[in-house]
Amino acid sequence: MSTHAKRERLLLADLLEAAGPEAPTLCHGWTARDLAAHVVVRERRPDAAAGLVIGPLKSRGERITNEFTSKPYEELIQLIRTGPPRMSPFGVKQLDEVANTVEFYVHTEDVRRAQPDWTARELDPVFADVLWSRTEKAARMLGRKAPVGLVLRRPDGQTAVAHKGTPVVTVTGEPGELLLFAFGRQDAARVELEGDQEAISRVTTAKLGM
């Protein structure tokens with residue numbers, strides 16, 4: 001049975017292939033090639049991926065990432081499609097689902113929504129609930145840099161507090177849109193914002209996310 005992570009992986013690979021290596025993405029300063037290399041390095045070279053969060057390993061991580069970025073684009077796409085190597089922890093279906101569902105969904109939208117003619121996806125209810133569950137659990141971490149109080153709300157009224165404070169901005173939208181907003185893709189997320197206009201301006205330009 002296909003998992004959400006596997007489905008998003010294949011969709012991401014298809015979008016990257018169709019966009020081409022020089023296509024823009026929502027990741028600041030990254031082309032589709034840069035994004036593809038990031039995904040491959042994260043799965044296949046944990047020693048390099050650690051450089052994203054561990055300062056002393058940053059230069060090593062950058063060197064390895066640059067090596068992958070210089071690979072043929074088609075090779076990077078194929079490495080994404082085939083998934084992690086056998087001995088990788090990401091090769092375990094349960095861990096793949098936990099670690100990659102959100103990662104691949106966000107990056108899929110990074111590619112899709114950077115294109116001028118992009119169209120929104122209609123997510124099935126089960127997948128939407130999965131994204132909402134992940135959003136709820138990660139809300140405080142994703143919203144920790146919010147300059148004002150931040151509440152994420154589904155159209156059905158379910159809410160998650162991403163940051164405590166005043167004034168409060170309430171962001172309403174479908175789970176996938178709220179997740180993108182909380183991951184720092186505020187401009188690309190289709191949401192409605194309620195609150196003081198100055199507070200709204202501050203939260204829409206804040207560096208949310210990881």
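**Reading the rings, the sheet and its helices**

Reply: At 1% relative accessibility, F127 counts as buried. Please bear in mind that the model is predicted.

Me: How many aromatic pairs are there by the distance rule?

Reply: Two rings pair if their centres lie within 6.5 Å, and planes over 60 degrees apart count as edge-to-face. By this rule there is 1 aromatic pair. Its members are Y105 and F127, with 6.0 Å from centre to centre and 80 degrees between the planes, hence edge-to-face. The pair links distant parts of the chain, since Y105 belongs to helix 6 (residues 93-112) and F127 to helix 7 (residues 125-142), 22 residues apart.

Me: Is Y105 buried or exposed?

Reply: Buried means under 20% relative accessible area. Y105 has 2%, so this residue is buried.

Me: Which charged end sits over the ring of F127?

Reply: That of R7, 4.6 Å from the ring centre. A further case is K71, whose charged end sits over the ring of F68, 5.2 Å from its centre.

Me: Let us turn to the sheet. What is the order of the strands in the open sheet?

Reply: Strands of a sheet pair through backbone hydrogen bonds, either parallel or antiparallel. Here the open sheet has 4 strands in the order 2-1-3-4, and the pairing is mixed. Strand 2 (159-163) and strand 4 (192-194) are at the edges; each has a single partner strand, so one side of each lacks a neighbour in the sheet. On average, and with direction ignored, neighbouring strands are turned by 25 degrees against each other.

Me: How many bridges join strand 1 to strand 3?

Reply: Strand 1 (residues 149-153) and strand 3 (residues 168-172) run parallel and are joined by 5 bridges. Strand 3 and strand 4 run antiparallel, with 3 bridges between them. On that side, T170 stands opposite E194 in strand 4. As for burial, strand 3 is mostly covered, with 4 of its 5 residues buried.

Me: Which strands does helix 8 touch?

Reply: Helix 8 (residues 175-182) packs on the sheet and touches strand 1, strand 3 and strand 4; its direction makes about 155 degrees with that of strand 1. With 10% relative accessibility, E177 counts as buried. Beyond its neighbours within four places in sequence, E177 is in contact with Y105, R113, A188, A189, R190 and V191. The list thus includes Y105, a member of the aromatic pair discussed above.

Me: Where does helix 9 lie?

Reply: Helix 9 (residues 197-204) lies across strand 1, strand 3 and strand 4, and runs at about 130 degrees to strand 4.

Me: Why do the buried residues of helix 9 line one face?

Reply: In helix 9 the buried residues are A199, I200 and V203. Seen down the axis of helix 9, they fall within an arc of 100 degrees, so they line one face of the helix. On the other side of helix 9, Q197 and E198 are exposed.

Me: What do the buried residues of helix 9 pack against?

Reply: They pack against strand 1, strand 3, strand 4 and helix 8.

Conventions:
Residues numbered from 1 in each chain as written. Predicted model: local features only at pLDDT ≥ 70, side-chain atom pairs only at ≥ 80, totals over all residues. Heavy atoms only, no water. Phe/Tyr/Trp six-rings, centres within 6.5 Å; stacked < 30°, edge-to-face > 60°. Helix = DSSP H or I, 4+ residues; strand = E, 2+ residues; numbered from the N terminus. Buried < 20%, exposed > 50% of the residue type's maximum accessible area, 1.4 Å probe, protein only. Lys NZ or Arg CZ within 6 Å of the ring centre and 35° of its normal. Pairing = 2+ DSSP bridges. Axes fitted to C-alpha atoms, helices over the stretch in contact; angles between N-to-C directions. Contact = heavy atoms within 4.5 Å. Arc of directions from axis to C-beta.
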